[in-house]
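Have the sequence and the 3D view open side by side.

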Amino acid sequence: MSNIVLARIDDRLIHGQVMTAWVQYTGGNEIVIADDKVANDPFLSAVITGAVPKHLKAEAMTLEKAADYLKKEKDNEDKKFIVLAKGPEAYESLIEKGVDITEINLGGMGSKQERSKLYKKIMAQNVHVYIQVVPNMEKVELEKAL
């Protein structure tokens with residue numbers, strides 16, 4: 001049983017919509033931003049994690065560190081992780097490193113043509129990928145949209 005309550009692709013990472021709607025909907029209590037660039041830029045990291053409500057823990061981590069951390073904490077029932085990344089590449093890497101991700105939510109992101117191959121590769125590993133901007137909107141199955 002995974003304690004990742006939401007794995008989301010959003011090129012804006014954290015913004016009001018994610019914070020309010022998804023945190024309430026999922027009951028997430030810790031945010032892991034899986035992004036090498038953000039994790040390696042203290043200013044960018046501070047700006048992004050600073051947008052998180054005070055009662056939530058949030059940290060930007062490199063893909064390597066995020067994978068290690070999520071695997072180490074996977075049986076910790078007190079943690080309900082919301083994992084955020086800017087693109088499918090991050091999730092491909094986390095899955096390859098052994099993180100238990102069963103579904104990926106696609107939020108706001110510029111559609112890049114070369115990504116569809118990557119989504120198909122991820123879906124081939126029994127990962128449910130769907131588009132849903134906010135919880136009260138209908139889910140759109142990505143395979144229908146590709």
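Trp 22 and Tyr 25 both sit in helix 1 (residues 16–26), 3 residues apart, which is about one turn of the helix. Helices here are DSSP runs of H or I with at least four residues, strands are runs of E with at least two, and both are numbered from the N terminus. This is a predicted model, in which local features need pLDDT of at least 70 and side-chain atom pairs count only at pLDDT 80 or more, while totals for chains, interfaces and linings use all residues. Residues are numbered from 1 along each chain as its sequence is written, and side-chain values use heavy atoms, with hydrogens and water left out.

How exposed are the two residues? Buried means under 20% relative accessible area, exposed means over 50%, and partly exposed lies in between (1.4 Å probe, protein chains only). Trp 22 is buried, because its relative accessible area is 1%. Tyr 25, at 54% relative accessibility, counts as exposed.

Rings of Phe, Tyr and Trp (its six-membered ring) pair if their centres lie within 6.5 Å; planes under 30 degrees apart are stacked, over 60 edge-to-face, and the rest tilted. The pair links distant parts of the chain, with Tyr 69 in helix 4 (residues 63–72) and Phe 81 in strand 4 (residues 81–85), 12 residues apart. Tyr 69 is buried at 12% relative accessibility, and Phe 81 is buried too, at 0%. By the pairing rule, the count comes to 2 aromatic pairs. The other involves Trp 22 and Tyr 25, edge-to-face at 5.6 Å centre to centre with 85 degrees between the planes.

The loop between helix 4 and strand 4 holds Lys 74, which is partly exposed at 42% relative accessibility. Lys 74 and Val 99 are 25 residues apart in sequence, yet their C-alpha atoms are 8.6 Å apart in space.

Finally, look at helix 5 (residues 88–96), which is mostly covered, with 7 of its 9 residues buried. Among them are Tyr 91, Leu 94 and Ile 95. The buried residues of helix 5 pack against several elements, including strand 1 (4–9), helix 4 and strand 4, where contact means heavy atoms within 4.5 Å. After helix 5 comes Gly 98, with a positive phi near 95 degrees.
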